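Open the model in your viewer and keep the selection panel at hand. The stops below go from the sheet to a helix beside it and then to charged side chains.

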Amino acid sequence: MSSARLDRLETQAPASSYDGIDAMLADARSRLERISPRRAFQELLTSDAVLVDIRPAAQRAEEGEVAGWLPVLVVERNVLEWRFDPRSDASLSIAAFDRRVIVLCQEGYTSSLAADSLQRLGIDRATDVVGGFAAWLRDGMPAAE
């Protein structure tokens, strides 16, 4: 190993470790101000917020989708950070550090980890929907026909 690589390794902070996924999820959520489906809907109507559905295509096909007339983007989880980091060559044109990004998954677990990841990149207004798309439907929010 090169001495430069060794020097870098010695100065890097150790990665966080967790006693299971529940602890990891709790840590991520400790940095988020999670919102209800109703509040997410209101923000979509009254602000610059964008709802980002990170569910895979098969899950969206089976469970349904948010109504297309809302500012909703489908960005699957595996590319989310690249699409919303304004420094990335693969970022979307709407990517901005001050963008309100509301992440949606099926039940509100994966979205918490994803929103926390966006915050760690500097997108400080990122959050997620409590209960995910299942709660979106239960609360009567608009879905695609």
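Helices (H or I, at least four residues) and strands (E, at least two) are DSSP runs, numbered from the N terminus. The model is predicted, so local features need pLDDT of at least 70 and side-chain atom pairs count only at pLDDT 80 or more, while totals for chains, interfaces and linings use all residues. Residues are numbered from 1 along each chain as its sequence is written, and side-chain values use heavy atoms, with hydrogens and water left out.

**Stop 1: the sheet**

Show the strands as a cartoon. Four strands form an open sheet in the order E2-E1-E3-E4, with parallel pairing; two strands pair if DSSP finds at least two bridges between them. The edge strands are E2 and E4 (127-128), each pairing on one side only.

Select E1, residues 50-53. Buried means under 20% relative accessible area, exposed over 50%, and partly exposed in between (1.4 Å probe, protein chains only).

E1 pairs with E3 in the parallel sense over four bridges. Leu-51 has Ile-102 of E3 as its bridge partner, and Asp-53 has Leu-104 of E3. Toward E2 (residues 72-74), E1 runs parallel and is joined by three bridges; Val-52 is partnered there by Leu-73. From E1 the chain crosses through helix H4 (residues 57-63) to E2, and this β-α-β crossover is right-handed: with the strands pointing away from the viewer, the path from the first strand over the helix to the second runs clockwise.

**Stop 2: helix H6**

Select residues 110-120, helix H6. H6 lies across E3 and E4 and runs at about 155 degrees to E3. Axes are lines fitted to C-alpha atoms, for helices over the stretch in contact, and angles run from 0 to 180 degrees between N-to-C directions.

Leu-118 is in H6, and Leu-118 counts as buried because its relative accessible area is 0%. Which residues does Leu-118 touch, not counting those up to four places away in sequence? They are Leu-80, Glu-81, Phe-84, Val-101, Val-103, Ile-123 and Ala-126, where contact means heavy atoms within 4.5 Å.

Asp-116 is also in H6 and is buried at 6% relative accessibility. Leaving aside neighbours within four places, Asp-116 is in contact with Ala-28, Arg-31 and Leu-32.

**Stop 3: salt bridges**

A salt bridge is a side-chain nitrogen of Lys or Arg within 4 Å of a carboxyl oxygen of Asp or Glu. The whole structure has 13 of them. Start from Asp-116: Asp-27, Arg-31, Asp-116 and Arg-120 are linked in a network of salt bridges.

Next, return to Asp-53, which forms a salt bridge with Arg-55 (2.7 Å, N to O). Arg-55 is buried at 1% relative accessibility, and Asp-53 is buried at 2%.

Then select Glu-76 and Arg-60, whose side chains meet in a salt bridge (3.7 Å, N to O). This pair links distant parts of the chain, with Glu-76 in the loop between E2 and H5 and Arg-60 in helix H4, 16 residues apart. Glu-76 is partly exposed at 30%, whereas Arg-60 is buried at 12%.

Finish at Asp-85, in the loop between helix H5 (80-84) and strand E3 (101-104). The side chain of Asp-85 meets that of Arg-87 in a salt bridge (2.9 Å, N to O). Asp-85 is buried at 11%, while Arg-87 is exposed at 54%.
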